[in-house]
Amino acid sequence: MKIHDRFFINGQWSSPATTRVHEIRNPATDEVCATVPLANEADCVHAIESARAAFPAWSVTSASERGDFINQAADELMKRADDLADAITQTMGCPRHICPNLQVLGSIQAFRAYADRAKTMEQSEQRKGVQILKEPVGVCTLITPWNYPLSILIGKAAPALAAGCTMIAKPAEQTPLQDFIVAEVFEKIGLPNGVFNLLTGIGPEVGPVLCGHSEIDMVSFTGSTRAGVQITESAAPTIKRVCLELGGKSPLVITEDADIDAAVRYGVQNVMMNTGQTCSALTRMLVAESRYEEAISLAKHVAEQNIVGDPLDPKTTMGPLSSASQKSTVVDYIRKGIAEGARLVTGGAEMPEGLTHGAYLPPTIFADVNNQMSIAQEEIFGPVLCMIPFRDENHGIELANETVYGLSSAVFAKDQDSALALARRIKAGQCFVQGANFTTDAPFGGYKRSGNGREWGEEGITEFIEIKAVLGQ
Ligand code: ADP
């Protein structure tokens with residue numbers, strides 16, 4: 001059992017103000033696997049003051065100096081890749097053999113990409129007597145969720161470091177362990193004191209301080225729309241920049257003349273990945289009605305190929321939900337779907353066969369879903385796919401956009417050009433055509449209530465930049 005009893009503040013392992021601790025449970029066993037301290041207001045203020053004190057010197061380091069720290073950190077994180085994967089598997093249940101590729105290695109490579117992107121900070125633009133400069137926004141609060149706990153931390157910390165910002169990281173209650181490894185890495189490479197600070201705490205308790213304090217300049221948050229609203233409210237009185245990556249109910253549009261086999265396989269695998277706990281998951285499969293029944297039987301077949309079970313078993317393809325409480329949220333939605341009249345094609349709210357305890361659920365597919373049902377409109381965050389038929393392409397696009405969210409989307413059509421034409425009509429920050437893969441080189445973020453910023457890619461750094469125009473030369 002891992003016991004952490006200190007925060008990382010100002011380059012030191014610092015004792016918390018109180019003795020309150022938080023127990024973390026392994027969702028596969030229901031057993032406590034770690035404890036971390038809980039921050040109070042004094043701890044938050046300590047971390048904020050440390051980040052503020054570090055900002056003047058860090059913000060004027062050269063891009064190449066910051067790039068060197070980023071590369072060194074990436075090297076050290078790579079050496080800790082097994083520890084990182086162990087931590088993530090233990091706390092949120094991602095199968096251990098899948099975890100390095102899904103949760104760890106790509107994120108570390110993506111971190112490295114920001115060593116180069118730091119250089120864009122030194123490129124000023126001259127426009128008819130106006131010089132455009134880029135400056136770091138300041139002290140940032142980074143609040144992360146439990147589904148991809150390392151990747152999402154890196155997606156914020158890497159551009160923040162590259163831009164010359166200092167920061168306080170606050171991981172999700174359920175999954176703080178990888179953040180401690182990241183702090184150990186920054187300590188090891190000698191990142192200047194106070195540039196990266198880590199504390200653990202209960203979101204609604206520490207949020208008002210971490211997001212409302214006058215010495216915080218910017219908040220970058222990934223998580224639920226509910227928490228995003230609260231964070232925005234905390235930040236509003238001091239007019240902070242708030243960048244939000246929130247929920248989704250993303251559509252996959254499959255036209256009549258698409259390769260139905262490839263499309264359905266892609267869609268089902270996308271939804272079941274990480275036990276359905278991906279904010280950009282394609283949870284609404286919209287299928288031309290002439291191919292609908294065929295798509296349903298294919299989807300059932302692909303979903304049932306999953307092996308749900310112990311994350312430490314190399315045969316497992318789907319681990320438990322990340323916590324007992326997440327499982328109970330998903331169970332409620334599955335029951336609601338049945339009550340709303342959707343047809344349960346496979347799965348359901350019962351524990352999969354052969355399992356007796358742990359936060360497990362089977363891959364679940366609903367057919368005969370209409371887009372007004374709550375299972376089609378609300379983010380479930382579990383292994384649940386809704387299949388909805390459409391009459392023609394206009395109707396398909398109408399359904400795709402008929403949601404308060406707009407994070408991701410995908411299209412399978414006859415060919416690339418037809419798919420692209422449909423992609424342009426979908427209101428979402430990303431659209432994957434003809435089976436494309438995720439890449440951290442592409443900007444990621446949402447339209448509508450899915451958020452308001454862009455992470456990753458070249459654009460990821462812009463959240464952490466202030467633009468200054470110098471006039472009169
Ligand atoms: P979930 O409901 O699935 O746990 P949340 O959006 O609540 O997802 O959690 C994501 C992150 O947001 C976590 O780090 C959590 O501690 C944090 N959080 C939750 N509520 C608030 C809040 N009011 N202010 C700041 N952070 C919060």
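Biologist: What is the strand order in the open sheet of seven strands?

Modeller: This is a predicted model. In it, the order is E15-E16-E17-E14-E13-E18-E19, and the pairing is mixed.

Biologist: Which strands are the edge strands?

Modeller: Strand E15 (343-346) and strand E19 (432-433), each of which pairs on one side only.

Biologist: And E13 with E18, parallel or antiparallel?

Modeller: Parallel. Strand E13 covers residues 251-254, strand E18 covers residues 410-412, and three bridges pair them. Leu252 has Ala410 in E18 as its bridge partner.

Biologist: What holds strands together in general?

Modeller: Backbone hydrogen bonds, in either a parallel or an antiparallel arrangement.

Biologist: How many bridges join E4 to E5?

Modeller: Five, between strand E4 (residues 21-25) and strand E5 (residues 32-37), which run antiparallel. One of the pairs is His22 with Val36 in E5. E4 and E5 make a hairpin with six residues between them, and Asp30 in the turn has a positive phi of about 70°.

Biologist: Switching to charges. How many salt bridges does the structure hold?

Modeller: The structure holds 24. One of them joins Arg112 and Asp75, with the closest N and O atoms 3.0 Å apart. Arg112 lies in helix H4 and Asp75 in helix H2 (residues 63-79), so the pair ties together parts that are 37 residues apart in sequence.

Biologist: What about Lys300, which residue does its side chain meet in a salt bridge?

Modeller: Glu304, at 2.9 Å from N to O. Lys300 has a relative accessible area of 31%, and Glu304 has 43%.

Biologist: Which residues are linked with Arg52 in a network of salt bridges?

Modeller: Glu215 and Asp217.

Biologist: Where is Arg96 placed?

Modeller: In the loop between helix H3 (81-92) and helix H4 (99-117). Arg96 counts as buried because its relative accessible area is 18%, under the 20% cut-off. Arg96 and Asp82 are 14 residues apart in sequence and 9.5 Å apart in space, C-alpha to C-alpha.

Biologist: Last topic. Which residues gather in the patch of negative charge on the surface?

Modeller: Glu256, Asp257, Glu289, Asp392, Glu393, Glu398, Asp415 and Asp417. Among them, Glu398 lies in helix H13 (residues 393-401) and is partly exposed, at 49% relative accessibility.

Methods
Residues are numbered from 1 along each chain as its sequence is written. This is a predicted model: local features need pLDDT of at least 70, side-chain atom pairs count only at pLDDT 80 or more; totals for chains, interfaces and linings use all residues. Side-chain values use heavy atoms; hydrogens and water are left out. Patches are made of residues with over 30% relative accessible area and no salt bridge: like charges are joined within 9 Å, nonpolar side chains (Val, Leu, Ile, Met, Phe, Trp, Tyr) within 5 Å. Accessible areas come from the Shrake-Rupley method with a 1.4 Å probe; for residues, only the protein chains shown count as cover. A salt bridge is a side-chain nitrogen of Lys or Arg within 4 Å of a carboxyl oxygen of Asp or Glu. Lys and Arg count as positive and Asp and Glu as negative; His and the chain ends are not counted. The place of a charge is taken as NZ of Lys, CZ of Arg, CG of Asp or CD of Glu. Helices (H or I, at least four residues) and strands (E, at least two) are DSSP runs, numbered from the N terminus. Buried means under 20% relative accessible area, exposed over 50%, partly exposed in between (1.4 Å probe, protein chains only). Two strands pair if DSSP finds at least two bridges between them.
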